[in-house]
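Try each task before you read its solution.

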Amino acid sequence: MANPVIAEVTRGGRVESVHRGRVVAVDADGAVLFRSGDVEEPVYPRSALKLMQALPLVECGAADALALSDRELALACASHSSLPIHVQTALAMLGKAGLDETDLQCGPHWPLNRREELVAMARAGYEPTRAHNNCSGKHAGFLCACVHQDLETADYLDPDADIQRQVRSAIEAVAGTTLGPQTCGRDGCSAPTYALPLDAFARGFARLATGQGLGPQRADAAIRLMRASMAEPEMVAGPHRLCTELMSACGGRVYVKIGAEGVYVAAVPEAGLALALKCDDGATRAAEVAVAAALMRALGAGHDLASILAPFTRTPVHDWNGAEVGEVRAVPPG
């Protein structure tokens with residue numbers, strides 16, 4: 001059976017397009033609060049997984065040894081917008097480990113979500129570097145963890161490299177699932193990415209948000225990374241992007257992170273819950289409104305965050321004259 005519609009696009013009062021997907025919300029004990037669609041089918045969480053990938057950075061002691069700030073820890077969990085502050089912070093992390101941009105193995109690309117920055121760079125005659133890659137913070141985190149543990153850095157993206165074994169082990173333990181070559185792909189930044197069931201992914205983030213079911217060291221690392229991300233939301237994404245805008249609006253009480261191809265994860269530590277969703281056709285516009293609606297449902301209409309989340313459940317559609325002609329709106333999960 002097809003997954004249900006999670007978002008629709010209107011124009012002139014009519015539904016013009018629909019997006020199907022799946023969503024699941026769980027509490028800190030792993031109990032399902034609600035689910036819609038096939039949430040047991042494995043998906044690639046892509047960049048929504050970055051906080052899990054950053055766990056070894058803190059657990060091995062590198063974050064403390066290198067005196068990484070909350071801003072730097074947030075960047076290690078980020079899909080940033082390639083703004084100067086993002087690039088400079090990634091380079092600063094590398095510098096603390098005695099490395100530089102040449103040690104990064106993520107490919108260079110122009111700013112993905114900031115047309116103004118791209119145009120400004122092009123006009124100034126600048127070429128994008130590896131530090132401009134929206135995953136450069138994650139890669140800097142991998143490298144910092146390698147240096148602190150005296151691990152080889154030349155092969156740090158090999159699935160069998162020591163740091164990637166640590167990452168894979170952390171994901172398996174937190175999500176309660178087994179990963180292997182049959183579930184491994186390669187992300188856009190060339191790092192290994194693993195497919196896992198959407199419900200296992202949500203349960204993993206509920207554990208990360210609360211520390212429940214984790215050992216003391218891992219719980220401390222998880223909570224530290226999530227708090228850093230919520231405290232520095234501009235480092236996690238950038239202006240006019242949902243991760244940054246929603247976390248900023250909620251005042252550090254909600255964690256939300258995008259993954260490529262229509263994936264989102266969100267957590268509310270104080271409520272002990274987390275959720276994950278995947279838009280079948282990979283559309284970000286649908287996943288954005290759907291994750292806000294799912295958060296509202298998980299918290300309940302009477303929660304004080306509901307009124308803050310409500311505006312994020314719809315995005316206006318404009319014509320080229322700036323007039324509003326429709327909207328992208330969430331369809332409540334069944």
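## Exercise 1: A strand pair

Strand 11 (residues 314-318) and strand 12 (residues 324-330) run antiparallel to each other, paired over five bridges. Helices (H or I, at least four residues) and strands (E, at least two) are DSSP runs, numbered from the N terminus, and two strands pair if DSSP finds at least two bridges between them. Before going on, note that this is a predicted model, in which local features need pLDDT of at least 70, side-chain atom pairs count only at pLDDT 80 or more, and totals for chains, interfaces and linings use all residues. Residues are numbered from 1 along each chain as its sequence is written, and side-chain values use heavy atoms, with hydrogens and water left out.

Task: find the bridge partner of H318 in strand 12, then describe what links the strands.

Solution. Step one: H318 is bridged to E324. Step two: strand 11 and strand 12 make a hairpin with five residues between them. Step three: in that turn, look at G322, where phi is positive at about 90 degrees.

## Exercise 2: Reading a helix

Task: work out which residues of helix 5 are buried and why they line one face of the helix.

Solution. Step one: helix 5 covers residues 84-96, 13 residues in total, and spans 18 Å from first C-alpha to last, close to the 18 Å expected at 1.5 Å a residue. The expected span is 1.5 Å times one less than the number of residues. Step two: H86, V87, T89, A90, M93 and L94 are the buried ones, where buried means under 20% relative accessible area, exposed over 50%, and partly exposed in between (1.4 Å probe, protein chains only). Step three: viewed down the axis of helix 5, these residues fall within an arc of 165 degrees, so they line one face; the arc is that of the directions from the helix axis to the C-beta atoms. An α-helix has 3.6 residues a turn, so residues three or four places apart point the same way. Step four: the buried residues pack against helix 4 (70-76), helix 7 (136-148) and helix 11 (233-236), contact being heavy atoms within 4.5 Å. Step five: just after helix 5, G98 has a positive phi of about 75 degrees.

## Exercise 3: Polar side chains inside

Task: for N3 and E8, name what each side chain reaches.

Solution. Step one: N3 lies in the segment before strand 1 (5-11) and is buried, with a relative accessible area of 10%. Its side chain comes to 2.9 Å from the backbone nitrogen of D38. Among the residues that N3 touches are R20, G37 and D280.

Step two: E8 is in strand 1 and is buried too, at 17%. The side chain of E8 has a polar contact with the side chain of R329 at 2.8 Å. A polar contact is a pair of N or O atoms within 3.5 Å; within protein, one must be able to donate a hydrogen and the other to accept it, and residues adjacent in sequence count only if both atoms are side-chain atoms. The residues touched by E8 include V15, E327 and V331.

## Exercise 4: The nonpolar core

Task: which members of the largest nonpolar core touch the most other members?

Solution. Step one: a nonpolar core is a set of buried Ala, Val, Leu, Ile, Met, Phe, Trp, Tyr and Cys residues joined through side-chain atoms within 4.5 Å. Step two: out of 115 residues, the answer is F201, F205, L208, M226, L246, Y255 and Y264. Step three: helix 13 (residues 284-299) gives the most to this core, eleven residues. Step four: trace F201, whose contacts include P45, M52, V263 and A276.
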